[in-house]
Amino acid sequence: MAEDIKIIIPAEKRVAALERASELKENIDDYLEARGTIETGFSLEDKYQKNKELIMELLDAREEEWQDWHWQVENRISDEEKLSKIINLSDEEKNEISRVGSRYRWSVSPYYLSLMDRDDPECPIRKQSVPSILECTDDFGYDDPMEEEFNSPARGITRRYPDRLIINVTNQCAMYCRHCQRRRNIGEKDVPTSREVLEEALEYVRNNKELRDILLTGGDAFMLSNEEIDWILTELDKIPHVEIKRLGTRTLVTMPMRVDDGLCKILEKHSPVYVNSHFNHPKEVTRPVQEACLKLTRAGVPLGNQAVLLKDINNDPHVMKKLNQELLKVLIKPYYLFHAKRVKGTSHFRTPVEDGIEIMEKLRGYTSGIAIPTYIINAPKGYGKTPMLPEYLVSISSDNLTIRNWEKKIVDYFNPHF
Ligand code: SF4
């Protein structure tokens with residue numbers, strides 16, 4: 001048997017370490033207090049189950065139907081009378097939803113509806129999915145704040161970077177999020193991009209050898225049939241310079257039953273495929289989400305999250321920290337935190353940039369590095385993602401840096417120029 005290795009730590013070092021540990025513990029007290037008040041998909045499991053039963057009764061659905069993503073799409077709720085049978089709405093609220101609905105499309109999957117608090121208008125699930133009259137009283141913003149149309153060198157394509165681009169494969173989503181930056185594309189009908197346009201987009205990729213990373217999004221790439229996803233990925237795999245494929249989807253959040261066995265087999269066959277989702281609140285991270293993520297990761301698909309900073313939904317350092325920690329528990333790496341864009345009808349979701357900087361300040365050092373996304377402002381004119389950070393570099397000279405750490409301690413650091 002191996003002998004125990006005894007490491008003797010001098011008493012004064014142990015005392016210093018204990019003092020430091022106690023200082024570190026104080027740094028997390030406020031979060032520990034707040035954490036107990038933040039609801040998550042796991043803490044609300046019983047409530048979600050009751051909502052699910054109510055919705056299934058209303059829609060006369062069986063469990064197999066609930067678990068079928070086609071059924072979820074066909075049974076999306078998009079009229080206020082039906083909605084009011086699940087959540088409590090006043091007549092005024094129903095009128096407002098109808099008024100907004102005549103201007104901006106809305107639709108909620110039965111699954112996402114089951115995550116909603118039935119009585120609380122401030123519920124983050126409700127705010128992201130049920131129209132608010134504020135959408136109609138706000139004309140401050142643009143239809144296309146990123147001016148994507150100026151970055152479309154071929155039909156179906158958005159290109160803002162040297163070695164990668166987006167193919168917009170559909171305008172369809174499982175739900176039409178109230179803060180969506182692409183609401184101009186949603187229209188009144190679900191329209192998958194035609195084969196003709198997809199062929200043109202693929203031809204553009206074939207003809208530009210610097211393109212090594214292709215993102216399929218829309219809309220929501222997982223709204224395509226398995227056969228269509230297989231076809232596009234097969235075509236991309238035939239292009240020698242395409243190294244990786246990525247798919248953007250919010251179905252993990254709004255309809256996790258979309259991740260069926262057939263889809264996982266296809267994604268595994270076309271590895272390397274990455275999937276990026278869009279969770280904004282810990283209430284969205286549920287048991288069905290965990291099961292879907294496990295299936296995807298077993299198929300060799302790495303998962304990332306692109307959250308959007310949204311006022312009164314997640315512009316709080318504790319909520320954002322909890323969201324990112326919950327995501328890691330279901331195998332999703334927080335990737336980006338986007339500053340909300342100036343999209344018409346969504347001003348009520350926008351926050352000052354300082355909110356995002358403060359969140360980043362309260363993440364770095366306070367939680368695991370893998371729980372920290374990059375906070376991004378998308379520069380106007382399609383000039384691309386620009387990271388926003390608290391300032392850690394105080395000054396720099398030829399032989400010295402003055403830096404400040406996550407606790408705001410200032411230290412010098414030798415700057416070698418050998
Ligand atoms: S899923 Fe994405 S693209 Fe679709 S409505 Fe929501 S935010 Fe917009």
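1. A salt bridge here is a side-chain nitrogen of Lys or Arg within 4 Å of a carboxyl oxygen of Asp or Glu. By that rule, three salt bridges cross the interface of domain 1 and domain 2. The side chains of E361 and R404 form a salt bridge, at 2.8 Å from N to O.

2. A word on the basis. This is a predicted model, where local features need pLDDT of at least 70, side-chain atom pairs count only at pLDDT 80 or more, and totals for chains, interfaces and linings use all residues. Residues are numbered from 1 along each chain as its sequence is written, and side-chain values use heavy atoms, with hydrogens and water left out.

3. Domain 1 covers 20–387 and domain 2 covers 391–418; the bounds come from an automatic or database domain assignment. Their C-alpha centres lie 38 Å apart. Nine residues of domain 1 are in contact with six of domain 2 (heavy atoms within 4.5 Å).

4. The two domains bury about 610 Å² between them, with 42% of it on carbon and sulfur atoms. Buried area is the accessible area (1.4 Å probe) that two parts lose on being put together, summed over both. On the domain 1 side, R20, E361 and R364 lose the most area to domain 2, together 55% of what that side buries.

5. Now the ligand. Which residues are around the ligand? They are C173, M175, Y176, C177, C180, G219, R250 and H278, each with a heavy atom within 4 Å of the ligand.
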